[in-house]
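Thank you all for coming this morning. Please take a moment to look over the sequence and the fold, and then I will walk you through a few places that I would like us to look at together.

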Amino acid sequence: MQISELSDRSGLTVQTIKFYIREGLLPKGSVVSATRAEYDHRHLERLRLISALREVGDLPVAAIQRIVEAIEDERVSMHELFGTAQYAIGPHVAAPYDPHWRAARQDVDALVRELGWTVGDRSPARDLLAHTFVALRRLGFPITLTDLRPYVKAAAEVADHEIGRVADGAPRVRTVHTLLVSTVLYEQVLTALHRLAQEDASARRFG
């Protein structure tokens, strides 16, 4: 297809597509003449991923570039690819490094070790959980494994379900797209279902 058709099918302007090509996010088309290049389904799929990362993940071009480089480098394992995409997506929480935050981060690290989870030290989720622990303690809520256990169980089951949906041998672009949908959109589904379930539990107990 020509760039005009690629634009129509992707919903992006020709100028935007050319910008992504210049930035190295999208491979150049196959040159068929001095003024014309041809594009195929791989370009369309890449554009859909870039659009999702920009619009759903709210990622800057530099972060998308890191993900694209990981997709194209076959030496990067699928697990490393997942990590590159997930760490880019975040959420990113500023770490104040005050005594309360440091203590909370140590508790998070201890929790991850106790659960036996394989999680990188630089995982943004570690800082997010530490930040939440600090807030809970300031409100007078202690952090205990007993209180956390239902959330740990639910998180593990959801994560296993999401990773299990990735087909063996699936294209790397499609894998990252699936991760994005799971991390950003289905996280919102989980939050909404949690609140619906809370209302139902309240109605059954107090209603």
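Let me begin with a question for the group: which residues line the second largest pocket? Before I answer, please keep in mind that what you see is a predicted model. The lining is made up of Pro27, Asp40, Arg42, His43, Glu45 and Arg46, together with Ile71, Pro171, Arg172 and Val173. The elements that contribute two or more residues to this lining are α3 and α9, the latter running over 172-206, and the largest share, four residues, is the one that comes from α3. If we sort the lining by class, we find four nonpolar residues, one polar residue and five charged residues. The space inside this second largest pocket comes to about 210 Å³.

Because both domain 1 and domain 2 give residues to the lining, the second largest pocket lies between them.

Once we leave aside the neighbours within four places in sequence, Arg48 is in contact with Arg9 and His177. Arg48 and Gly11 are 37 residues apart in sequence, and their C-alpha atoms are 9.0 Å apart in space. Is Arg48 buried, partly exposed or exposed? Its relative accessible area is 44%, which lies between the 20% and 50% cut-offs, and therefore Arg48 counts as partly exposed.

Now let us turn to charges. Side chains of opposite charge can pair when their charged atoms come close. In this model the count comes to 13 salt bridges. One of them is formed by Asp109 and Arg126, whose closest N and O atoms are 2.7 Å apart.

How far apart are Arg204 and Asp200 along helix α9? They are four residues apart, which is about one turn of the helix. Arg204 is exposed, with 62% relative accessibility, while Asp200, at 39%, is partly exposed. Coming back to Arg126, salt bridges that share partners join Arg105, Asp109, Asp121, Arg126 and Asp127 into one network.

Ser182 is found in helix α9, and at 5% relative accessibility Ser182 counts as buried. Apart from its neighbours within four places in sequence, Ser182 is in contact with Glu162, Arg165 and Glu187. The other serine, Ser7, lies in helix α1, which covers residues 3-10, and Ser7 is likewise buried, at 12% relative accessibility. Not counting residues up to four places away in sequence, Ser7 touches Leu12, Thr13, Val14 and Ile17.

Finally, a word about the backbone. Most residues other than glycine have a negative phi, and most peptide bonds are trans. With that in mind, is the peptide bond from Gly90 to Pro91 cis or trans? This bond is cis, with omega near 10°, and Pro91 has its place in the loop between α5 (78-89) and α6.

That is the end of my tour, and I am happy to go back to any of these places with you.

Methods
Residues are numbered from 1 along each chain as its sequence is written. This is a predicted model: local features need pLDDT of at least 70, side-chain atom pairs count only at pLDDT 80 or more; totals for chains, interfaces and linings use all residues. Side-chain values use heavy atoms; hydrogens and water are left out. Buried means under 20% relative accessible area, exposed over 50%, partly exposed in between (1.4 Å probe, protein chains only). Contact means heavy atoms within 4.5 Å. On a 1 Å grid over the protein atoms alone, a cavity is a set of points where a 1.4 Å probe fits but cannot get out, and a pocket is an open set with protein on both sides within 12 Å along at least five of seven lines; lining residues have an atom within 4 Å of a point. Grid points are joined across faces, edges and corners, and a volume is the space filled by probe spheres set on the points. Ala, Val, Leu, Ile, Met, Phe, Trp, Tyr, Cys and Pro count as nonpolar, Asp, Glu, Lys and Arg as charged, and the others, Gly among them, as polar. Domain bounds come from an automatic or database domain assignment. A salt bridge is a side-chain nitrogen of Lys or Arg within 4 Å of a carboxyl oxygen of Asp or Glu.
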